[in-house]
Amino acid sequence: MRLSWRSGWLGLAAAALWLPFSAAATAAHAGPNPCGRIVDACRSAGFVEGGGQTGNGVVKDCLDPIVERTPQPAGASRRLPHVDAATVSACRAAKETPRPTPTPRPEPMMAVRTRAIGPSGTPPRRPGGLVAVLTYNSGQTLSLAAFDNPNISGVALQIHWSDIEPTAGDPQWATLDALFARASATGKWVQLFIFPGFFSPSWAYPASDSAVFPLQYGPGHKRGEALPLPMPWDATYQANWLAFMQLVAARYGDNPAFAIMGAAGPTSVSDETTEPNTSADQSTWQSMGYTQTKYVNAWSAVLPALAADFPNQYLSIEGGAGTNSIVDIDASGAIVKNAKLGTKQQIVDTATTVIGARLGLQNSNLDGSAGDDEPNTDYVISYAGKALTGFQLRSSAAGTGMGVGTPAQVLKAALDNGIRTNPSGAHVDYIEVYDKDVEDAALQTTLAYGASLFKAPAPTHPPPLPHTPCGTHCY
């Protein structure tokens, strides 16, 4: 696989140290890392990441014109720095080099299974019921009390990649080991949500192919945090993420309690297919060369590897709030208006082909009111019976925007909203409730009600229907 010139040049600046001698020899006379030297010259001349809309973007207004030997855009506000011809030629040659290999790692404790492209594997035991969402906070001991709740059938863990592998090749498995040990002891099933994106370890991607964005939701959003986000298509980032996924699969992939793996990689705050998408964010994406096609292609590169690494698990594609939570920028760099969820539909279509019978679809923003996220909710319900489907509540029952009434009333309304059947009579397989509610003594009656919703006779699962356009109800 070769790097795309338009999508991969910033990664080359950091990745040059990994180039094989045959490729590096072309650039030797210009010194090491020729693309990085051009980026440095652009920065010294006043060009910045995220400056594309003001005429001083590193990519659009400086590096592209220098390397591609084209005029600056009409709106460019700074003059190009001088870069010698040998460095320019060496940088252009570097675009033909193979993708960089990931950071060397020691052999995992168990043999890594051989990858085979395609929807390999047999669907595991179909998980279902009421699920407890556990969130690991760095430095704290994870509470496993939810495993002992008789209303709970499974547990979904949310944890950052950086909390598992802060140092390359030295994963810290204690939290996951404890999780799977308790699952085996209690007969509960497990779903893993490992968050890369904003929460990737800094060693895993080149700083030159990342940009700083405010977190668009979650606890960090409430604190006004802004963090570096690796570009979804960066080759080094993808390689290191998939190498880490192999380690996870090698250690836990054969555990019978492990039912669902959240598909991630080209993601940001969580495993959800969402990206920062304010007007300011869109300008930053434009300066980094983002397009809808590159984003979908990033998913197309990751999904086959995940499908092969986790043949014993369902792979779930998660959605989040809103009907336009992915940036839609066309091939010319223009922002597409009113795209709704068309980009997500492309990802789901790819996942359907690659993952096959082990495909899972989940919306992680269920509440007890008919809010703005209903198109996402309705879309997942439309897939019930055709794929593994489920919901995660937006927050605990007492959270903002969950609905009107007491926590018990809000939780019941959310459960009723999520358990609705589609025209074929099928409903989702599971609903995830945060551990704060699972451990609340005042909500046990409501949780028992929720568990009972999944103990009724299973609806008849109709055969998959041909895909039809979903209009505004796109995932």
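**Cysteines and confidence**

Tutor: Let's begin with Cys62: its relative accessibility is 0%, so Cys62 counts as buried. Keep in mind that this is a predicted model.

Student: And what about Cys42, buried or exposed?
Tutor: Cys42 is buried, because its relative accessibility is 0%, and the cut-off for buried is under 20%.

Student: OK, how far apart are the sulfur atoms of Cys42 and Cys62?
Tutor: They sit 2.0 Å apart, and the two residues form a disulfide. A search of the whole structure turns up one disulfide.

Student: Which hand does the link of Cys42 and Cys62 have?
Tutor: Left-handed, with -85° about the S-S bond.

Student: Where in the chain are the two ends?
Tutor: Cys42 is in helix α3 (residues 34-44) and Cys62 is in helix α4 (residues 58-68). They are 20 residues apart, so the pair is listed as linking distant parts of the chain.

Student: Switching topic: what is the mean pLDDT of the protein?
Tutor: The mean is 81, with 78% of the residues at 70 or more.

Student: Where is confidence lowest, and where is it highest?
Tutor: Helix α2 (residues 21-27) has the lowest, at a mean of 32, while strand β10 (residues 430-434) has the highest, at 98.

Student: Which stretches have pLDDT below 50?
Tutor: Residues 95-120 are one of them, with 71 contacts in the model beyond near neighbours in sequence. Residues 458-475 are also below 50, and that stretch has 35 such contacts.

Student: How should I read coordinates where pLDDT is low?
Tutor: Not in detail.

Terms used:
Residues numbered from 1 in each chain as written. Predicted model: local features only at pLDDT ≥ 70, side-chain atom pairs only at ≥ 80, totals over all residues. Heavy atoms only, no water. pLDDT = per-residue confidence, 0-100. Helix = DSSP H or I, 4+ residues; strand = E, 2+ residues; numbered from the N terminus. Contact = heavy atoms within 4.5 Å. Disulfide = S-S within 2.5 Å. Buried < 20%, exposed > 50% of the residue type's maximum accessible area, 1.4 Å probe, protein only.
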